[in-house]
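Me: Can you take me through this model? I have the sequence and the coordinates up.
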Amino acid sequence: MEVIGKSIAKVIDNYESKSVIERVKQDIQSKGFGFETEVTIKDPATGKARRADVVGIQNGKIIEVHQVGRETQSGIPVSRERRADTSIGHAVERGAVGKKGGELSFSERVKRFFHGYNRGKNYE
């Protein structure tokens, strides 16, 4: 079945992803942090850019990076999500900045989180 050019599975995935992102934003706010969505993180060494679904911000610095995506049946992030997490980790280590309007620097201890929306598990 198609819904305006999209399969039902894609529509459900999109809804589930957005629902998890909303919960992540609420969780970040409950900790007293600010947040931004869809922040571009560009690796200064390779030039490769990734987008974080949500970042937590404290004192003008990114302290948390949250990715939301699909998981395998065994409960681990799919390969695309694992590659994105690795790229983001390397970029942060190499002094990347986040971009959303202006530039955001990273704190010295950035925590990265993965939130699977098709199994409901979170991975740190």
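Me: What share of the protein chain counts as buried?
Reply: Of its 124 residues, 36% are buried, meaning under 20% relative accessible area, with exposed being over 50% and partly exposed in between (1.4 Å probe, protein chains only). This is a predicted model, where local features need pLDDT of at least 70, side-chain atom pairs count only at pLDDT 80 or more, and totals for chains, interfaces and linings use all residues. Residues are numbered from 1 along each chain as its sequence is written, and side-chain values use heavy atoms, leaving out hydrogens and water.

Me: Which residues make up the largest nonpolar core?
Reply: Val 39, Ile 41, Ala 52, Val 55, Ile 57, Ile 62, Val 65, Ile 88, Ala 91, Ala 96, Leu 104 and Phe 106, 12 residues in total. A nonpolar core is a set of buried Ala, Val, Leu, Ile, Met, Phe, Trp, Tyr and Cys residues joined through side-chain atoms within 4.5 Å.

Me: And which element gives the most to this core?
Reply: Strand 4, with three residues. Apart from this core lies another, of nine residues, including Val 20 and Val 54.

Me: Lys 25, then: buried or exposed?
Reply: Lys 25 counts as buried because its relative accessibility is 17%. The residue is in helix 1 (residues 8–30).

Me: What does Lys 25 touch?
Reply: Leaving aside residues up to four places away in sequence, Lys 25 touches Phe 35, Thr 37 and Val 54. Contact here means heavy atoms within 4.5 Å.

Me: New topic. What volume does the largest pocket have?
Reply: About 370 Å³. On a 1 Å grid over the protein atoms alone, a pocket is an open set of points where a 1.4 Å probe fits, with protein on both sides within 12 Å along at least five of seven lines, and lining residues have an atom within 4 Å of a point. Grid points are joined across faces, edges and corners, and the volume is the space filled by probe spheres set on the points.

Definitions and conventions. Helices (H or I, at least four residues) and strands (E, at least two) are DSSP runs, numbered from the N terminus.
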